[in-house]
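Dear colleague,

Please find the structure below, followed by a short account of what was found in it.

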There are 2 protein chains.
Amino acid sequence: MTSKEGYILETQAGHLLRRAHQRHSAIFQENIGESQLTPLQFAALVKLRDLEEVSQNHLGRLTAMDAATMQGVIKRLASRGLIERRPDPNDRRRLILSLSAEGKACIDAIIQNGSGITAQTLAPLSSSEQKIFLDLLTKLAQMNGNGD
Amino acid sequence: MTSKEGYILETQAGHLLRRAHQRHSAIFQENIGESQLTPLQFAALVKLRDLEEVSQNHLGRLTAMDAATMQGVIKRLASRGLIERRPDPNDRRRLILSLSAEGKACIDAIIQNGSGITAQTLAPLSSSEQKIFLDLLTKLAQMNGNGD
DNA sequence: CCTAGATTATTCGTACACAAACGAATATTT
DNA sequence: AAATATTCGTTTGTGTACGAATAATCTAGG
């Protein structure tokens, strides 16, 4: 009777991670407002706001996106006029990315919501549980042997 | 100096969930063997193995995939001969899904790896931490007010 | 019975996600 | 300097992810 129930999908870490990520994405979308930024677009703008100028691949590493994904995200942000691309005079392979005026205004106006989104995502947990969860999750998010 | 560092991307739940899910996917792929099943395809086969027969949308709800996503996953599994589709005589809208002989053999042979993949995903945590983490993650994976 | 509403599967469009291969450019080695 | 290797950004192909729209079908209420 238990022969084929030895493996319960609902208790597997991968399945739960996927569902938790789904739920977070839904919360993100409900709270990001009319800018209609996606989680990845938001992450790219946040990092760009911190660093002022970075190359495309470097920004990809900082936000955990591979080169192909980054290319699409940047293309969409650039087509909306939120970021600017210019060639690196010291390395003609590179594109230097920076926020446009609109991009800076957009992320400045929207970044407060970021903490609210995280709070709402973690709302099912108590305050102490949230700390523990983030601590453990951070360990699980670490890739082996890289990190810029 | 801290004016623009108030929001740290690396400590946000959404970013960490995304990275942890990325890491799990990589582990999954390294351990799934030559079947080359994806996490979603694996999940669909596992559920189908438990239930013998389900409609497509119902299986989607059980595995947390929307109808459009499910359609693609099922189409690929069917084209590989791992599952079979037949119309429901009691409801002509529905497709009844079931494992084919090859599908059953495939998932039977591969499901043992499932626990290993979870173990490897959680390996950075101690045994007691793993229990706590899965408990908290389960709470965060719960969508509000549904679940079939 | 019969219409209004819901459900099933499909399709379209957009956006990740990543392997693989590519040309151009830089870096390293001999 | 020449040959080799690496890095940068791009493109292609496959697979999620999901909103929105659709045709076919079922269900419920009048």
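How many residues of chain B are in contact with chain A? In this predicted model, 52 residues of chain B are in contact (heavy atoms within 4.5 Å) with 52 residues of chain A. The area buried between the two chains (accessible area, 1.4 Å probe, lost on being put together and summed over both) is about 5,200 Å², and carbon and sulfur atoms give 65% of it.

Across this interface there are 4 salt bridges, a salt bridge being a side-chain nitrogen of Lys or Arg within 4 Å of a carboxyl oxygen of Asp or Glu. One joins K47(A) to E10(B), with the closest N and O atoms 2.9 Å apart. Another pairs E129(A) with K139(B) at 3.1 Å, N to O. That pair crosses between chains, from helix α6 of chain A to helix α6 of chain B; helices are DSSP runs of H or I with at least four residues, and strands are runs of E with at least two.

Over all chains, the count comes to 14 salt bridges. Within chain A, R86(A) and E53(A) meet at 2.7 Å, N to O. R86(A) lies in strand β2 and E53(A) in the loop between α2 and β1, so the pair ties together parts that are 33 residues apart in sequence.

Residues are numbered from 1 along each chain as its sequence is written, while chains are lettered from A and ligands numbered from 1 in the order in which they are written. Local features need pLDDT of at least 70, side-chain atom pairs count only at pLDDT 80 or more, and totals for chains, interfaces and linings use all residues; side-chain values use heavy atoms, leaving out hydrogens and water.
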